[in-house]
Amino acid sequence: DVADYSSAALSDEWAYRRFQAAVLDEGVLMKPAYLFHHGVTYAHTDEDIELILKAMRRGLEAVRRRR
């Protein structure tokens, strides 16, 4: 479980990089550093959020396939 910075720093950076690459392939740009927060704003439309969720699902599938 991630509870603070120290526990977050133990996360699998390479899994995040695979996730980020798969999400980018779906057209969603994410910050390259895995310890930074990502979020949505009021500027994002419902369609944007659906696109982001779809991309993140595919990103998670890509990480699971490589384990």
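## Salt bridges

Arginine 58 has a relative accessible area of 40% and is therefore partly exposed, a class that lies between buried (under 20% relative accessible area) and exposed (over 50%), with a 1.4 Å probe and protein chains only. The model is predicted: local features need pLDDT of at least 70, side-chain atom pairs count only at pLDDT 80 or more, and totals for chains, interfaces and linings use all residues. Residues are numbered from 1 along each chain as its sequence is written, and side-chain values use heavy atoms, leaving out hydrogens and water.

The structure contains two salt bridges, each defined as a side-chain nitrogen of Lys or Arg within 4 Å of a carboxyl oxygen of Asp or Glu. In one of them, arginine 58 pairs with glutamate 26, and their closest N and O atoms are 3.6 Å apart. Because glutamate 26 lies in the loop between H2 and H3 while arginine 58 belongs to helix H3, this pair ties together parts that are 32 residues apart in sequence. Glutamate 26 is partly exposed, at 27% relative accessible area.

A salt bridge also joins the side chains of glutamate 13 and arginine 17, with an N to O distance of 2.5 Å. These two residues are separated by about one helical turn because they stand four residues apart in helix H2. Glutamate 13 is partly exposed at 28%, and arginine 17 is partly exposed at 34%.

## Overall architecture

The chain has three helices and zero strands; helices (H or I, at least four residues) and strands (E, at least two) are DSSP runs, numbered from the N terminus. Along the principal axes, the C-alpha atoms fill a box of roughly 35 × 25 × 20 Å. Of the 67 residues in the chain, 22% are buried.

Contacts (heavy atoms within 4.5 Å) between residues at least 6 apart in sequence join residues at least 24 apart in 52% of cases.

Valine 23 is located in helix H2, which spans residues 13-25. Its relative accessibility is 0%, so valine 23 counts as buried. Leaving aside residues up to four places away in sequence, valine 23 touches Val28, Met30, Ala55, Met56 and Gly59. The C-alpha atoms of valine 23 and methionine 56 are 5.8 Å apart, although 33 residues separate the two along the chain.

Aspartate 46 is placed in helix H3, residues 46-65. With a relative accessibility of 61%, aspartate 46 counts as exposed.
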